[in-house]
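Here is a short report on one protein model and its ligand.

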Amino acid sequence: MSRRILTGMRTTGVLHLGHYVGALERWIEYQNDPNFDNECYFLLADFQALSTHADRPEVMARSVREVVLDWMSVGLDPTRDNVKFVLQSQVTGRMELSLMLQMVARYKDIMDIPTLKHELQDLEDQHRNPTIGFIAYPVDQAADIAMVTPQPPGQWDRILVPVGSDQNPILERCNVIYRTFNAQYQRQVFLQCTAHEGRVGRLPGTGDPDTPEGGKMAKGKSNTINLSDDPATVRGKVHGMYTDRKHEHATDAGDTERNPVFVYLRTFHPDQTRVAQMDKDYRTAGVRLGDVQVKNELASAINQFLDPIRERRAEAERTANVRDIVMTGTKEASDLCVQVVESAREAMHLRFPT
Ligand code: TRP
């Protein structure tokens, strides 16, 4: 059975461990799925990157290449027939689709999206004035998701979108937009989409404290461990992490539940029996287990996890023709997008008069 997958990331710099456990891990599963014939479109969202990084041309200039190399480093393989890397800004029909969907999306429905609300609050806190493009990005994302799935032939019943959990409310709103369009124009132009979350909803950042609210590994917050960090950098970042403040001495009883170091150990350590042992020792008063030792083990675990990723990245840097890869995937998406735009235009009566 064949399934269609579309997902993407903003091209705002190199990727980190949060991207891996929150999304990329699932993308790789889809790409390699033995039970389904999955056609995967991975979108390099450079236009959406402008919604926050329009004033950072140096970031924009290098990020598409960085993200492609990061994707390849984790094992996404654009040389396969079922995998395409698509550059958002180069699919011209997508922009048309985006404007069409803006004509059916409702202002209040969009402003109601929790993810967007939080982001708007962040911008306000930084005294930044959000652009219209920023506010419209959830609608624009509806165009991304729909652009490679023309209807009929009805070969697919939905579009699968593997994303981080913060994207769920956006996808729900995309579905409302598709339904509104189809109902208003009495035509099945758009399919519904389904989110598929990653293994770990939210990975704390290296600079985040062990509070209930925690934090989130995010670019721009300088609290990331990047997929392309070298071993010494990883070690330095791990040693700078918060642990439980009550665990001042190696023999104090400490908390492991919210302790970011233990969150990472549970996520990345290859030997979870060892983690369970450390967890118990750390929580038990009188048993000696110092933060430095725990951090040493974590740094080794992460470095071990990243080693094959680093190797594949070096290989991709040497041999991959990034431009070619992206142009090929983008061409395929564009050909499909033209068909979607055509049926939407027809439904909306955007035609020269007869
Ligand atoms: N909003 C996503 C992010 O910030 C990126 C994205 C753009 C996306 N277009 C998409 C995700 C389409 C899924 C589907 O990471």
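The sections below start with the basis of the model and then go through each topic.

## Basis

This is a predicted model: local features need pLDDT of at least 70, side-chain atom pairs count only at pLDDT 80 or more, and totals for chains, interfaces and linings use all residues. Residues are numbered from 1 along each chain as its sequence is written, and side-chain values use heavy atoms, with hydrogens and water left out.

## Ligand site

The shell around the ligand has 14 residues, each with a heavy atom within 4 Å of it. Arg10, Gln48, Gln141, Asp144 and Gln167 come nearest. β1 (2-10), β2 (37-45), α8 (137-146) and β4 (158-163) each supply at least two shell residues. The largest share, five residues, comes from β1. Helices (H or I, at least four residues) and strands (E, at least two) are DSSP runs, numbered from the N terminus.

For Gln48, the distance from a polar side-chain atom to a nitrogen atom of the ligand is 2.8 Å. For Gln141, an N or O atom of the side chain is 2.9 Å from a ligand nitrogen. For Gln167, the corresponding distance is 3.0 Å. Taken alone, the ligand exposes 370 Å², and the protein buries 89% of that. These areas come from the Shrake-Rupley method with a 1.4 Å probe.

## Nonpolar cores

In soluble globular proteins, nonpolar side chains tend to be buried together. A nonpolar core here is a set of buried Ala, Val, Leu, Ile, Met, Phe, Trp, Tyr and Cys residues joined through side-chain atoms within 4.5 Å. Buried means under 20% relative accessible area (1.4 Å probe, protein chains only).

The largest core has 55 residues. Leu24, Trp71, Phe85 and Ile302 touch the most other members. Helix α1 (residues 17-32) gives the most to this core, with eight residues. A second, separate core has 46 residues, including Leu123, Phe134, Trp156 and Val341.

Ile302 touches Leu17, Ile225, Val234, Val238, Tyr264 and Phe268, not counting residues up to four places away in sequence. Contact means heavy atoms within 4.5 Å.

## Cysteines

How many disulfides are there, taking a pair of cysteine sulfur atoms within 2.5 Å as the rule? The count is zero. Cys174 is in no disulfide; its nearest cysteine sulfur, that of Cys193, is 5.4 Å away. Cys174 is buried, at a relative accessible area of 1%.

The sulfur of Cys337 is 15 Å from the closest cysteine sulfur, in Cys174, so it is too far for a bond. Cys337 is buried too, at 0% relative accessible area.

Key:
Buried means under 20% relative accessible area, exposed over 50%, partly exposed in between (1.4 Å probe, protein chains only). A disulfide is a pair of cysteine sulfur atoms within 2.5 Å. A polar contact is a pair of N or O atoms within 3.5 Å; within protein, one must be able to donate a hydrogen and the other to accept it, and residues adjacent in sequence count only if both atoms are side-chain atoms.
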